[in-house]
Amino acid sequence: MQQPRASSKTGAPGVVRDQADGLRRLLTRPNVRALLVLGNEESGWVAAMLAEALVMRGERVLLIDQGQGECHQHLGLEPTHSLEALSGGQCNAAEAITMTASGLQVALVRSDFSEMKERGVTTKEFLGKFGLAPAPVDFVLVHFSNPAAVARFMDSEAEILLTTGVDSASIQTTYLNIKRTCARPHRYRVVVVGDRKPANAASVHERIASTALRFLGIAPDFEGEVPAAESRSAIGIASTFAAAFEQLASRVMAWRLPEFPVLQNESDLLSLQN
């Protein structure tokens with residue numbers, strides 16, 4: 001297992017503490033990698049826990065939570081400002097982006113990115129602005145509660161992690177999420193939430209994949225299963241819970257994710273207000 005990157009001073013793994021350390025990181029990885037998460041009612045839970053697992057593996061992660069703040073709720077956070085407030089000049093980056101004790105940075109987007117599309121802001125420009133603020137970031141995880149927002153946000157090929165339950169309604173929703181977002185050649189991956197039997201999870205994926213391949217010509221990959229949010233406090237679940245998201249994070253780090261150039265100085269964040 002990869003060990004968390006040590007910071008230059010005492011603090012959470014992955015948090016930059018001096019300018020020299022920040023410069024070294026920028027030179028060694030000048031791009032921000034991006035992963036989108038979309039799915040059933042458990043998608044916010046999966047995005048939040050996956051983001052934390054990536055931080056524990058040494059990644060510097062910004063989690064953008066589109067919608068009503070589901071990821072914030074699972075992380076025990078109360079957003080005071082959204083990225084819209086930052087764009088409107090009503091707050092600064094440090095106020096719009098909350099940092100957890102582990103070093104995960106979390107930001108809320110209440111809109112469906114319609115304004116971003118109307119202003120002609122590209123995905124590259126949007127993600128590049130967050131490469132250095134408020135602490136340096138090299139991995140952006142975007143959680144979507146609305147599939148229509150995916151098309152407005154992503155103007156190029158993306159990697160999309162779809163969460164699904166085992167019931168028929170959830171399986172149908174997952175297929176529809178693929179159908180609603182496949183105008184661009186995205187790569188889809190499916191993770192099943194809430195069933196601890198591998199055979200059942202594989203069967204759910206097979207139903208989704210066969211239908212998507214038949215009608216859309218798309219065959220999403222299978223990324224296993226993770227516990228549901230209700231399992232978090234269950235006796236005997238703790239080790240399984242942690243291991244499942246650690247394994248998912250390990251696989252994510254091996255994926256060839258889209259990359260976007262980081263803007264070169266923190267003052268570039270001010271351009272969000274233009």
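The model is predicted, so local features need pLDDT of at least 70 and side-chain atom pairs count only at pLDDT 80 or more, whereas totals for chains, interfaces and linings use all residues. Residues are numbered from 1 along each chain as its sequence is written, and side-chain values use heavy atoms, with hydrogens and water left out.

**The whole chain**

Display the protein chain in cartoon form: 11 helices and nine strands make up its secondary structure. These elements are DSSP runs numbered from the N terminus, helices being H or I with at least four residues and strands E with at least two. Of the 274 residues, 53% count as buried.

**Arginine 189**

Select arginine 189, which counts as buried at 8% relative accessibility. A salt bridge here is a side-chain nitrogen of Lys or Arg within 4 Å of a carboxyl oxygen of Asp or Glu. Arginine 189 lies in strand β7 (residues 187-193) and glutamate 159 in strand β6 (residues 159-164), so the pair ties together parts 30 residues apart in sequence. Glutamate 159 is likewise buried, at 4%.

Next, select aspartate 221, which forms a salt bridge with arginine 189, the closest N and O atoms being 3.6 Å apart. Aspartate 221 belongs to strand β8 (residues 221-226) and is partly exposed, with a relative accessible area of 25%. Glutamate 223 also bridges to arginine 189 (2.8 Å, N to O); glutamate 223 is buried, at 7%.

Then show tryptophan 255: the charged end of arginine 189 sits over its ring, 3.9 Å from the centre. The criterion is NZ of Lys or CZ of Arg within 6 Å of the ring centre and within 35 degrees of the ring normal.

**Aromatic pairs**

Rings of Phe, Tyr and Trp (its six-membered ring) pair if their centres lie within 6.5 Å; planes under 30 degrees apart count as stacked, over 60 as edge-to-face and the rest as tilted. By this rule there are four aromatic pairs. Select tryptophan 45 and phenylalanine 245, an edge-to-face pair at 5.9 Å centre to centre, with 85 degrees between the planes. Tryptophan 45 lies in helix α2 (residues 43-56) and phenylalanine 245 in helix α11 (residues 238-254), so the pair ties together parts 200 residues apart in sequence.

Finish at the cluster in which ring pairs link Phe113, Phe144 and Phe153.

Technical notes. Buried means under 20% relative accessible area, exposed over 50%, partly exposed in between (1.4 Å probe, protein chains only).
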